[in-house]
Every structure is written in structure tokens, then in C-alpha cells.
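Trainee: I would like to learn how to read a ligand shell and aromatic contacts in a model. Could we go through them in turn?

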Amino acid sequence: MHKQIADRLTVWQAQQLRELPWRRDPAGARNAYAVWVSEVMAQQTRLSVVAAYFNRWMEQFPTLETLARADQQEVLKLWEGLGYYSRARNLHRAARIVASECDGQLPRTRAELLSLPGIGEYTAGAILSLAFGQHEPVLDGNAKRVISRLWDIDARIDLRSTESQLWGHSRKMVEAASAPGAMNEGLMELGAIVCRRRNPLCDSCPVQSFCLAHGRGVQEERPVRAPVQQVPHVEFAAAIIWEDVPGQSRLLISQRPERGLLGGLWSFPNGAREADDEDLQVCLRRAVRESLGVSVAVGERAAKVEHAFTHFRMTLTAFHARISAGEPLAVGVTNWCWTSLDDIEKFPCPVPDRKIIAALRDFAEST
Ligand code: SF4
């Protein structure tokens with residue numbers, strides 16, 4: 001059954017694959033660097049969003065060597081808005097390792113690829129099969145859904161035993177495939193456009209006759225998901241610290257520590273409320289002291305923005321502020337600087353801070 005499914009998916013892939021920038025290759029074979037970049041970008045992100053980022057990325061960093069030579073701030077700036085910034089930092093670090101230790105060529109074994117920052121089992125399988133034509137399996141969210149349904153796997157998808165069952169089927173299929181890259185891509189693409197999470201298009205499915213879940217009428221109950229966890233909500237306060245210098249007002253931004261959420265990006269100094277009853281202005285004075293070692297006089301509210309991360313939802317309230325005592329130092333941040341509302345564009349900033357900047361600009365234009 002694995003071979004028959006693999007053959008059908010390979011044929012279907014050739015007919016149905018959506019055109020995407022990283023799938024165009026004049027030389028016929030996929031460029032390993034392009035496969036790597038696109039697969040990392042596509043994790044947790046819709047392909048329609050990825051395409052624009054991918055094109056900009058390849059214009060600025062057309063080869064692995066150009067990426068390896070780039071400054072981390074350039075890399076983060078280009079990634080701005082895609083989220084999960086550790087992906088960008090790891091791509092950059094891995095490119096530097098490959099450039100210096102592997103003669104600029106991505107390794108061709110799973111073990112060597114897995115030793116690079118940010119490359120996990122899925123990305124390694126994608127590079128090996130799509131770029132190098134190796135019989136190596138892949139397992140992204142789409143492939144998991146298709147395999148769960150084909151073999152009607154009724155165990156919870158988040159269990160390690162289920163994961164290894166899914167990898168086992170994926171491996172058997174790719175080992176039986178005549179064109180491993182095309183088969184793997186067909187498997188993932190089928191999950192993206194036919195075997196959708198809701199309302200799968202079983203009547204248009206090339207492997208319907210093999211699908212146990214469809215035969216039993218339980219396809220929408222597969223995969224079996226873990227119970228939904230409540231996503232916590234956290235309140236943050238941010239300071240827009242102003243300073244007047246001749247000819248302009250400038251504002252202070254700080255660079256977040258490399259490790260941790262949004263590492264390496266620039267944001268308005270901020271901190272999370274420590275208790276539900278902590279006053280946001282008190283929270284803000286504490287956060288600024290801890291990050292910059294200065295006291296601030298907190299003024300009026302400037303903006304309030306909402307943002308959802310994977311593990312929590314944030315409400316960020318920004319206040320105008322001025323330093324009342326002390327000179328800023330990088331105490332709990334990597335760096336800090338004064339900038340203007342125009343020049344802030346040059347810095348990679350998280351989405352919530354971009355929303356605050358937009359609110360500041362709207363206010364400046366209306367006055
Ligand atoms: Fe998915 Fe339906 Fe095809 Fe089964 S028959 S693999 S449920 S689209």
C-alpha cells in the first residue's frame with residue numbers, strides 16, 4: 001500500500017503543484033539553499049505570506065555566502081513581521097557554519113544537517129529529498145494529517161508513539177517512491193489543498209481508494225488532537241521615553257537580549273505586570289529601572305495594542321515618559337539608543353512595537 005500511495009502522490013504532484021517562487025528553478029534541480037530558506041520560513045506561517053518574504057530575502061541574500069556575510073540586524077530586519085525570530089537567527093548562524101566549515105555547501109546527510117542550528121528532522125528531510133533527491137522522509141503538519149487519515153490513526157497526535165508511527169509511514173512511502181522529492185512534496189501539498197483540516201475534498205483525492213478514515217467516514221475526526229489549552233493573557237507596559245534636543249524630539253529604544261522572546265529585536269523598554277493588581281505605571285517604572293537603570297516620570301497613555309503569540313496573548317499599553325534620574329545603561333538589555341520616528345524604520349522591531357509606532361505617527365500627523 002505504501003508504494004501504491006507513493007506512486008499516486010508522485011503523479012498527482014506533477015499535475016497539481018501550486019507555483020511558488022522557490023519551486024521555480026531554471027536549472028531543473030532545486031537549489032538546496034532556496035529549499036532550506038523556504039522550509040524554515042514556511043514553519044508556522046501561511047505560504048501566501050511566505051512568498052513575499054522569500055522573494056525579498058533572495059534579492060538581498062541570493063546565496064548562502066551572502067547570508068553568512070550579512071550582519072544579524074540586516075537579517076532580523078528582513079524577517080520583521082514573520083515572527084519566531086529564532087528561526088532567522090539560527091538560519092544566519094547555520095549559514096556561517098556551513099560557509100566556514102563546509103565550503104559553503106549544505107551537508108548531504110541527515111546527521112550532519114541535524115547538527116546545524118535550527119535544522120530539525122522535518123527540515124533535514126525536506127532538504128535531502130527536495131534538493132538532493134534522497135529517499136528521506138518529511139513530516140510537517142499537512143503530512144501528519146494525511147497519514148493519520150490514510151491509516152486511520154486513532155491515537156492522540158501529540159504522543160511520541162504516534163509521532164514515530166507517522167514517521168514510519170512517511171519513511172516507508174518515500175523509500176518506495178521513484179521520485180522521493182516529488183512524492184514528499186505531493187504528500188505535503190495534498191494536505192495543504194485537498195486533505196484540508198476541515199471539509200477535506202475527498203472526491204478529488206488521488207489516494208481516496210486507500211484511505212481508511214474516509215472508508216470509515218471518520219476523516220474529520222483524524223488526527224485526534226490534544227485537548228485545547230487555555231492561552232494565558234499577560235499585560236505589559238511600555239515606555240516611550242522622549243528627550244528634546246535642538247531641532248527634534250528623540251525617543252529611546254532598546255535591544256532585547258539575544259536569548260529569549262524576540263531576541264535581538266529593538267523595542268520600547270517594557271515589562272510584564274507582576275500581579276493582577278499592580279498598577280501599570282508602577283510596573284513600567286520598575287521595568288525601565290531593571291532594563292536601563294534609570295527612573296522615569298510616566299506621562300499620558302500613548303497607545304494600547306493587542307498581540308497574540310503562540311503561548312500567550314499580550315495587551316501592551318504604551319505611555320509617554322521622560323527620564324527623571326540617572327543615565328541609561330544596558331542593564332537588562334543588550335543595547336539602547338536614541339532615534340527618531342523616521343529613523344526607527346531602520347531597526348528590526350516586533351509587531352506590537354510597530355503598532356505603537358503607527359499610533360505615534362497618526363498622532364503626529366493629526367496635530
Ligand atoms: Fe484526506 Fe479524504 Fe484523501 Fe483521505 S480521502 S487522504 S481524508 S482527502
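Mentor: By class, the shell around the ligand has five nonpolar, three polar and one charged residues, where Ala, Val, Leu, Ile, Met, Phe, Trp, Tyr, Cys and Pro count as nonpolar, Asp, Glu, Lys and Arg as charged, and the others, Gly among them, as polar. This is a predicted model, in which local features need pLDDT of at least 70 and side-chain atom pairs count only at pLDDT 80 or more, while totals for chains, interfaces and linings use all residues. Residues are numbered from 1 along each chain as its sequence is written, and side-chain values use heavy atoms, with hydrogens and water left out.

Trainee: Which residues surround the ligand?

Mentor: They are Arg149, Val194, Cys195, Cys202, Cys205, Gln208, Cys211, His214 and Gln219, a residue being near a molecule if one of its heavy atoms lies within 4 Å of it.

Trainee: How is an aromatic pair described?

Mentor: A pair of aromatic rings is described by the distance of the centres and the angle of the planes. Rings of Phe, Tyr and Trp (its six-membered ring) pair if their centres lie within 6.5 Å, with planes under 30 degrees apart counted as stacked, over 60 as edge-to-face and the rest as tilted. A search of the whole structure finds seven such pairs; one of them, Trp57 with Trp79, is edge-to-face at 5.6 Å centre to centre and 80° between the planes.

Trainee: Are Trp57 and Trp79 buried or exposed?

Mentor: Trp57 is buried, at 0% relative accessibility, and Trp79, also at 0%, is buried (buried means under 20% relative accessible area, exposed over 50%, partly exposed in between, with a 1.4 Å probe and protein chains only). Trp57, Phe61 and Trp79 form one aromatic cluster.
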